[in-house]
Amino acid sequence: MDAAPTMVSSETTTSPELIEKLNDALAREMRAEAMYAHYAAYVKGIHRLHLTPYFEREASESAAHAQVVRNTLVRLGGVAVTQRHAQEIKHTTDYQTMLEQALKTEQQSRDAYRGILPLLEGEAELYDAIEQILFAEERSVEELLQVM
Ligand SMILES: [Fe+2]
């Protein structure tokens, strides 16, 4: 059988849809990393004391998630995107606006991973890795809803 770029093994074929969705999630993680790093630097006022470390942690977490998704793409024979998602990163120094943008970003990531998991049925190891990220996004959404 030809070693086509979409082949995973002789019995499994990676769907273009799965590669596309993983790349969308990856682009969103790269965007989230840039957004959180930006907000960590620009957040003003008394909330800066706890929000700068919080945003820095979220930036690191996004980078870690991006690495897992990238490795998943490699394992599946896909080509990972190198550009962040095109959705604008809203510049602000207002923490409330930052939290709203963070919530929106986390909800979009959560939805992206929810769309990926069903396509990873039968790939136990990859499924587990992506599921762990989904749980982390769900926790982030819950956390943000509580502080807002
Ligand atoms: Fe993430």
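I checked the length of helix H4 (residues 124-147) first: at 1.5 Å a residue its 24 residues should span 34 Å, and the end C-alpha atoms lie 35 Å apart, which agrees. The expected span is taken as 1.5 Å times one less than the number of residues. Helices (H or I, at least four residues) and strands (E, at least two) are DSSP runs, numbered from the N terminus.

I noted that this is a predicted model, in which local features need pLDDT of at least 70, side-chain atom pairs count only at pLDDT 80 or more, and totals for chains, interfaces and linings use all residues. Residues are numbered from 1 along each chain as its sequence is written.

I looked up confidence next. The average pLDDT (the predictor's confidence in each residue, from 0 to 100) is 93, and 91% of the residues score at least 70. Over residues 7-11 the pLDDT is below 50; beyond near neighbours in sequence, this stretch has seven contacts in the model. A contact requires C-beta atoms, placed from the backbone, within 7 Å.

I then recorded the overall layout. The protein has four helices and two strands, in the order β-β-α-α-α-α from the N terminus. Its C-alpha trace spans about 60 × 25 × 20 Å along the principal axes. Among contacts between residues at least 6 apart in sequence, 75% join residues at least 24 apart.

Leu126, Ile130, Ile133, Glu137 and Ser140 of H4 are buried. Their cover includes helix H2 (48-75) and helix H3 (95-116).

Key. Buried ≥ 20, exposed ≤ 12 C-beta atoms within 10 Å, placed from the backbone. Contact = placed C-beta atoms within 7 Å.
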